[in-house]
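Welcome, and please open your viewer. We will walk through the model one selection at a time.

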Amino acid sequence: NYEEAIEELNKVSEYSKKYEDAQAALAKTITDYQNSLIEKANTYSTNKEYEMAFAMIDTGVVALGDNAEFTAAKDSVLAALKADYVARAEEQEKNENYDKALENINLALTYLPEDYELKGMQSRVDAANTAKKALEKAAEYKYNTEYAKLFSSLDKALDDVTDSTTATATIKLAYDNYMSEYLDLIDTQTSDLETVDEYENAIKLLESAVEIFPNDYELKSQLEDTQDMKVAVKAIADADNYANKGDYANLFKTLNKAIDSLSSGSDAGKKTQSAYDKYEKNYMEDLNERIGEPETVSEYDSAISELEKAISIFTTDSSLKNRLDELKANRPVSLFSLTWIEAKGCDRDWNWSEGALTDHMGYDFKPTSATDVYGNVFNSAAIINSNDNDWYTTKIVRFRYDVDDYNTFSGGTALWEKAKSFSGYPRLTIYGCRSDGTWESIYYRNMSTVMKPEGFSLDI
């Protein structure tokens, strides 16, 4: 036992005759003890039992004090330990077993905390480990179509490996590949859209993309265009439904609202305007067909009603308003719908009797001036009835003319409406009031005899 021997040799007094021999033996024992400990330390180190190697050296330092030999032995063990753990870590790093590599590097750092080489290796392997785990997580997020989490995780990983060029390049390459795939997916799912539902799904996808890439102005523009196109498609779909119901007021109101909210130069604006133009063209063609060339009061009233509906839709269309004014001016009016304004001229004394003027001969006439239900003032023909003074008419004529001679009518053919049926009517004389204020017979029918002035077309 070296320690007991050293203790006993140290007890020999310097005054003892054996002192010199004891000192020589002490020096040899110390040397042997030290060499024994260092040898054991080296053996343990060779066997990778580094804790035991350090224990041998520490035992010697305690028993014999620190010296150059123990320091060198300790450095030798540390060098062996570092080489061993670095070799392990490099092999594990090569196999991308970064967790185990870091474990060995960290063990080495517990003995060599200030070793620059170990610290650099630790940083490199840690960055590679971060990149590997980020890519594994990204693949999982892609599988679950969680793209926001995917790119967020890669962004964080890039922040964590800023000191590693290799890890940064690895993550950046994966990021770019995922982004390319994601944008291709967006293009696929936002192309060839038709229904409102398809546009809504595309908008949700683009909104998510813009949230992920807030600085991508191309995506923002695509989102805005898709939102506009949804407005257009929905408006056109609603217009189609209104067309099926015959509700043209709401049809054009819906399209106008969409047009006002969209840029005229955008695809959505052009699409909506095109639909509007198509419906307007069809509506106008149908309107003209419905109006046609009216002859009877009911046909005129129907045409006027149609035009008033059209004007309520196309409020700025002057051609419709002009057409309406023309129809109102030319509408046939029953004697019973006329309002008497003034009766004068034609050298007669007029009285109002049972809805008609009666002259002193007992004949009933309409006034020279009258207004219809639309307020148009016009000259009216006079109609003489049968001798019994009852008010019977088969047809009522109303016309307008602007020349002096009653034989010519600038308005063309007279317009007719049946007012009352009758039988046994002996004769019918139609009078016109000349511009000089006199009445003249312009049409006379007696049984089968018809006399009429030239240029006056009338068919009873």
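Start by selecting helix H2, residues 19-46, and colour its buried residues, where buried means under 20% relative accessible area with a 1.4 Å probe, protein chains only: Ala22, Leu26, Thr29, Tyr33, Gln34, Ser36, Leu37, Ile38, Ala41 and Ser45. Before going on, note that this is a predicted model, in which local features need pLDDT of at least 70 and side-chain atom pairs count only at pLDDT 80 or more, while totals for chains, interfaces and linings use all residues. Residues are numbered from 1 along each chain as its sequence is written, and side-chain values use heavy atoms, leaving out hydrogens and water.

Now step just past the end of H2 to Lys48, which has a positive phi of about 60°.

Next, select helix H10 (residues 217-245) and helix H12 (residues 267-291), whose axes, lines fitted to C-alpha atoms over the stretch in contact, come within 8 Å and cross at roughly 15°. That angle makes H10 roughly parallel to H12, a term for angles under 35 degrees. To see them meet, with contact meaning heavy atoms within 4.5 Å, pick residues including Val233 and Ile236 in H10 and Ala275 and Tyr279 in H12.

Finally, zoom out: the protein chain has 14 helices and 12 strands.

Conventions. Helices (H or I, at least four residues) and strands (E, at least two) are DSSP runs, numbered from the N terminus. The expected span of a helix is 1.5 Å times one less than its number of residues. Buried means under 20% relative accessible area, exposed over 50%, partly exposed in between (1.4 Å probe, protein chains only). Axes are lines fitted to C-alpha atoms, for helices over the stretch in contact, and angles run from 0 to 180 degrees between N-to-C directions. Angles under 35 degrees count as roughly parallel, over 145 as roughly antiparallel, 65 to 115 as roughly perpendicular and the rest as oblique.
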